[in-house]
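This report is for a reader meeting the structure for the first time.

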Amino acid sequence: MSSSAFLLLDKEPVNTIGINVLQPLLKTQGLDVTTGTDISDVPEGTRLLFIETAVNDSWGKLKEQLVNLKVKCDIVLFNLDENPELANRALLSGIRGVFYTTDNADVLMKGIRMLLEDQLWYRRDVMCNVLNRMLQFNKDALHKLTEGDIEPVKLTKREKAIIALMSKGAKNKEIAEELNISPHTVKTHLYSAFRKTKCRNRIELLSWAQQNIPDEIR
């Protein structure tokens, strides 16, 4: 697995968090870190792409950058102002996490470690807001279904147990320890649940569970 990160810096940054704080923290986790100001500078094999977004019209500029991104990698935003809607859009668009201008080194380090474990890094209020949006979407979609019989989704007890722990905020490693199984086995059960429910990610799976098996994930 690639162990490199790229910091896409704004040409007129509001501070030096990228170079002075984020870059050395990434290096402590064994990542090779390079920087640049153009999306075309991102090299093949980059695992984490950190994009500085402390500018006016952040979302418009970000979309323009991502259209020109040729490398497949996990994307993280940093240097955000307190902009909940931008964070909501980022999560819904598949961006792995966001860091704010107010985040200290301890918060940055914790977030970096979570990202390296293939987890998301968002504030709880952002996660709840996006989940509520998806729940509302599913609720509206129910009204459009035909009256024909629908084949029920049958999850195993293990899959339900994993979803229940996930709904409480547990990560794969914590779930594995709680159920006395390996993290790989946790991923296998999650993939099975994704396939059965036709969910594409954890947020959609939690939304599905809230709608279909609420009593079993409390």
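L80 stands opposite Y100, a residue of strand β5. The model shown here is a predicted one.

**Strand β5**

Which way do the residues of β5 point? G97 and F99 point one way, while V98 and Y100 point the other way. In a regular strand, side chains alternate between the two faces of the sheet. G97, V98, F99 and Y100 are all buried.

Y100 also has a charged group over its ring. The charged end of R123 sits there, 3.7 Å from the centre of the ring.

**Aromatic pairs**

How many aromatic pairs does the structure hold? There are 3. In one of them, the ring centres of F99 and W121 are 6.5 Å apart and the ring planes meet at 35°, so the pair is tilted. Tilted here covers the range that is left between stacked, with planes under 30 degrees apart, and edge-to-face, with planes over 60 degrees apart. This pair links distant parts of the chain: F99 belongs to strand β5 (residues 97-100), whereas W121 belongs to the loop between α4 (105-116) and α5 (124-142). The two residues are 22 residues apart. Both F99 and W121 are buried. Ring pairs also bring in F50, so that F50, F99 and W121 form a cluster.

Another pair is made by Y191 and F194. Their ring centres lie 6.4 Å apart with the planes at 50°, so this pair is tilted. Y191 and F194 both belong to helix α8, residues 183-197. They are 3 residues apart, which is about one turn of the helix. Are these two residues buried or exposed? Y191 has a relative accessible area of 55%, so Y191 is exposed. F194 has a relative accessible area of 14%, so F194 is buried.

**The loop between α4 and α5**

The loop that holds W121 also holds D118 and Q119. Most residues other than glycine have a negative phi. D118 has a positive phi, near 65°, and is not a glycine. With a relative accessible area of 32%, D118 is partly exposed. Q119 is buried, because its relative accessibility is 4% and buried means under 20%. Which residues does Q119 contact, leaving aside its neighbours within four places in sequence? They are R96, M114, K171, N172 and R202.

K198 is another residue with a positive phi, about 60°, although it is not a glycine. K198 is found in the loop between α8 and α9, the latter spanning residues 202-212. K198 counts as exposed, because its relative accessibility is 71% and exposed means over 50%. The C-alpha atoms of K198 and W208 are 9.5 Å from each other, and the two residues are 10 residues apart along the chain.

P214 lies in the segment after α9.

| Residue | Relative accessibility | Class |
|---|---|---|
| D118 | 32% | partly exposed |
| Q119 | 4% | buried |
| K198 | 71% | exposed |
| P214 | 24% | partly exposed |

**The chain as a whole**

The elements described above belong to a chain with 9 helices and 5 strands. Read from the N terminus, their order is β-α-β-β-α-β-α-β-α-α-α-α-α-α. The chain has 218 residues, and 43% of them are buried. Among contacts with a separation of 6 or more, 67% come from residues 24 or more positions apart. The accessible surface of the chain is about 12800 Å², and carbon and sulfur atoms account for 50% of that surface.

Definitions and conventions:
Residues numbered from 1 in each chain as written. Predicted model: local features only at pLDDT ≥ 70, side-chain atom pairs only at ≥ 80, totals over all residues. Heavy atoms only, no water. Phe/Tyr/Trp six-rings, centres within 6.5 Å; stacked < 30°, edge-to-face > 60°. Helix = DSSP H or I, 4+ residues; strand = E, 2+ residues; numbered from the N terminus. Buried < 20%, exposed > 50% of the residue type's maximum accessible area, 1.4 Å probe, protein only. Lys NZ or Arg CZ within 6 Å of the ring centre and 35° of its normal. Contact = heavy atoms within 4.5 Å. Areas by Shrake-Rupley, 256 points an atom, 1.4 Å probe, with all protein chains shown as cover. Pairing = 2+ DSSP bridges.
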